[in-house]
Amino acid sequence: MTISTTTIKNSYSGDGSATSFNYTFKVTDQDDIDVIIRSSDGTETTKTISTHYTVSGVGAANGGSVTFTTGNVPANGETVLLRRDTPKT
């Protein structure tokens, strides 16, 4: 299956209270999206699905959302990066 889009990532500022962040690109599996937290010093940490967040909107042409689980909400000064990572065939 071919996925055609020019948007492959979204970036948001954490504030310590927002738990849900939208992605605006299609993914065909919940594992096809990387969720990365960038600290204020530039260090990046890739988060784990089910442990740190859940994904909704899989298969939707306009995307969906990533919701962080309790205790994993991005803090003020952190950046949330949502990046499509589909398998290459």
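Visitor: Which residue stands opposite V55 in β6?
Guide: In this predicted model, the residue of β6 that stands opposite V55 is V66.

Visitor: How many bridges join β5 to β6, and do they run parallel or antiparallel?
Guide: Four bridges join the two strands, and β5 and β6 run antiparallel. Strand β6 covers residues 64-68.

Visitor: What is the strand order in the sheet there?
Guide: The order is β2-β6-β5, in an open sheet of three strands with antiparallel pairing.

Visitor: Which strands stand at the edges, and why is one side of each left without a neighbour?
Guide: The edge strands are β2, residues 20-23, and β5, residues 53-56. Each has a single partner strand, so one side of each has no neighbour in the sheet.

Visitor: What does the twist average?
Guide: From one strand to the next, the twist averages 20 degrees.

Visitor: And what holds strands of a sheet together, in general?
Guide: Strands of a sheet pair through backbone hydrogen bonds, and the pairing is either parallel or antiparallel.

Visitor: Let us step back. How many helices and strands does the protein have?
Guide: The secondary structure comprises zero helices and seven strands. From the N terminus on, the elements therefore read β-β-β-β-β-β-β, and the radius of gyration is 13 Å, close to the 12 Å that the globule rule gives for 89 residues, so the protein is as compact as a globular protein of that length.

Visitor: What does the C-alpha trace span?
Guide: Along the principal axes of the protein, the C-alpha trace spans about 40 × 25 × 20 Å.

Visitor: What share of the residues counts as buried, and how much area is exposed?
Guide: Of the 89 residues, 29% count as buried. The protein exposes about 5300 Å², with carbon and sulfur atoms supplying 43% of that area.

Visitor: What share of the contacts comes from residues 24 or more positions apart?
Guide: Such residues account for 67% of the contacts with a separation of 6 or more.

Visitor: Now H52: where does it lie, and is it buried or exposed?
Guide: H52 lies in the loop between β4, residues 44-46, and β5. With a relative accessible area of 18%, H52 is buried, because buried means under 20%.

Visitor: Which residues does H52 touch?
Guide: Leaving aside residues up to four places away in sequence, H52 touches K47, T67, F68, T69 and N72.

Visitor: And G71, buried or exposed?
Guide: G71 counts as exposed, at 73% relative accessibility. G71 is found in the loop between β6 and β7, the latter being residues 79-84.

Visitor: What separates the C-alpha atoms of G71 and Y12?
Guide: They are separated by 18 Å, and the two residues are 59 residues apart along the chain.

Conventions
Residues numbered from 1 in each chain as written. Predicted model: local features only at pLDDT ≥ 70, side-chain atom pairs only at ≥ 80, totals over all residues. Heavy atoms only, no water. Pairing = 2+ DSSP bridges. Axes fitted to C-alpha atoms, helices over the stretch in contact; angles between N-to-C directions. Rg over C-alpha atoms; globule rule 2.2 N^0.38 Å. Buried < 20%, exposed > 50% of the residue type's maximum accessible area, 1.4 Å probe, protein only. Contact = heavy atoms within 4.5 Å. Areas by Shrake-Rupley, 256 points an atom, 1.4 Å probe, with all protein chains shown as cover.
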